[in-house]
Amino acid sequence: GKVRKPTSIISTICDDRGEELTYNGVPISNICQEQYNVGDVIGLLWFKRQLPAYASKFIEMCLKLTADHGPCVSGAHNTIVAARAGKDLVSSLVSGLLTIGPRFGGAIDDSARVFKEAYDRKLSPEEFVEGMKAKGKRIPGIGHLIKSADDIDKRVVILKNYSKEHFSSSQYLDYALEVEKYTLQKANNLILNVDGCIGVLFLDLLHSCGLFKKEEIEEIVNVGYLNGFFIVGRSIGLIGHALDQKRMRQPLYRHPWEDVLYDV
Ligand code: ACO
Ligand code: LMR
């Protein structure tokens, strides 16, 4: 029989060859006419599923709530400095995006991984926290530089409240809140932060929506889909910061000498 030459690339999420582009089989005209939102499009292109409305709305909330957190955070700071150095929009944006990682905004996947493992292994909060400490590791999803038990992060409250209203299970959130109770005994700023909250809530969502098999959930967590929410969300704010600097024609930034300890 005929032997097809192996292709260099395999792609499974969309098709641009026909008359109309499709996202995971759904034509773009349906996407516009049937009022698919950005959460639905992420459902099709990342999760290869038509997600239920409450799940797509949750994704959109993650994007909206992570869109910006002021000019002082790592990402916005880098973007502002790059824009003021005269760099173009994409360079200013990626300069900020490149700060997203284990300490800032990019702790979502790792928090889903470690909380899932600890919960599935039935570790008590104390065993989990002290076990991480013994390994010399910080718990991803715990801790914040300015938010604390006395100055709660409204983003986390909004996400938790939404999940209570719409998700049918809350096992991972409940476990993370027990862990938070334990870490708060150590220091006031060791809260379940916005990264950690998105991480555990997404585990609850994946388990409770009934669309994903156990192995698929493992794969989502192992491949690391979830930092994507912060990356897409924060891009909105970073672009805003770059445009803001350009609009104001801000000059080249130089950090003040007096704010550096020259300990030569
Ligand atoms: N797990 C366990 N202990 C912690 C954690 C944590 N996640 N964070 C802080 N501590 C403890 C440690 O004992 C630390 O002492 P060490 O430096 O000897 O390890 C002590 O608190 C003091 O820490 P701080 O220096 O006050 O922590 P800081 O406030 O500078 O850090 C940060 C804040 C970077 C968010 C930190 O808590 C952390 O690394 N968290 C994990 C990563 C994370 O979740 N990042 C996302 C934050 S939310 C966002 O970016 C949108
Ligand atoms: C953010 O969303 O950028 C933050 O939670 C980090 C911060 O320090 O405010």
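In this predicted model, an oxygen atom of ligand 1 sits 3.2 Å from an N or O atom in the side chain of N189. N193 also contributes through its side chain: one of its polar atoms lies 2.8 Å from an oxygen atom of ligand 1. The backbone takes part as well. A polar backbone atom of I142 is 2.7 Å from a nitrogen atom of ligand 1. Taken alone, ligand 1 exposes 910 Å², and the protein buries 64% of that area.

Ligand 2 has its own set of neighbours. The residues around it are H69, V73, F104, H144, R155 and R234. A polar side-chain atom of H69 lies 2.6 Å from an oxygen atom of ligand 2. For R155, a polar atom of the side chain is 2.7 Å from a ligand 2 oxygen. For R234, an N or O atom of the side chain is 2.7 Å from an oxygen atom of ligand 2. On its own, ligand 2 exposes 270 Å², of which the protein buries 86%.

T183 belongs to helix 9, which spans residues 171-184. The relative accessible area of T183 is 2%. T183 therefore counts as buried, since the cut-off for that class is under 20%. Its side chain makes polar contacts with two backbone oxygens. The side chain of T183 reaches the backbone oxygen of E180 at 3.1 Å. A polar atom of the T183 side chain also lies 2.8 Å from the backbone oxygen of L190. Leaving aside residues up to four places away in sequence, T183 touches V129, I139, I142 and L190.

Helix 2 covers residues 38-45 and is mostly covered, with 6 of its 8 residues buried. The buried residues are G39, D40, V41, I42, G43 and L44. They pack against several other elements. Among the partners are two strands, strand 2 (22-23) and strand 3 (26-27). The buried residues of helix 2 also pack against helix 1 (28-33), helix 3 (53-65) and helix 12 (227-247). N37 caps the N-terminal end of helix 2. In this cap, a side-chain oxygen of N37 lies 3.0 Å from the backbone nitrogen of G39.

The chain as a whole can now be described. It has 12 helices and 3 strands. Its C-alpha atoms fill a box of roughly 75 × 55 × 40 Å along the principal axes. The chain has 264 residues, and buried residues make up 42% of them. Contacts between residues at least 6 apart in sequence were also examined. Of these, 73% join residues at least 24 apart.

The surface and the charges complete the account. The protein chain exposes about 15500 Å², and carbon and sulfur atoms supply 55% of that area. There are 33 positive and 33 negative side chains. The centres of the two sets lie 3 Å apart.

Conventions: Residues are numbered from 1 along each chain as its sequence is written. Chains are lettered from A and ligands numbered from 1 in the order in which they are written. This is a predicted model: local features need pLDDT of at least 70, side-chain atom pairs count only at pLDDT 80 or more; totals for chains, interfaces and linings use all residues. Side-chain values use heavy atoms; hydrogens and water are left out. Helices (H or I, at least four residues) and strands (E, at least two) are DSSP runs, numbered from the N terminus. Buried means under 20% relative accessible area, exposed over 50%, partly exposed in between (1.4 Å probe, protein chains only). Contact means heavy atoms within 4.5 Å. Accessible areas come from the Shrake-Rupley method with a 1.4 Å probe; for residues, only the protein chains shown count as cover. Lys and Arg count as positive and Asp and Glu as negative; His and the chain ends are not counted. The place of a charge is taken as NZ of Lys, CZ of Arg, CG of Asp or CD of Glu. A polar contact is a pair of N or O atoms within 3.5 Å; within protein, one must be able to donate a hydrogen and the other to accept it, and residues adjacent in sequence count only if both atoms are side-chain atoms. A residue is near a molecule or strand if one of its heavy atoms lies within 4 Å of it.
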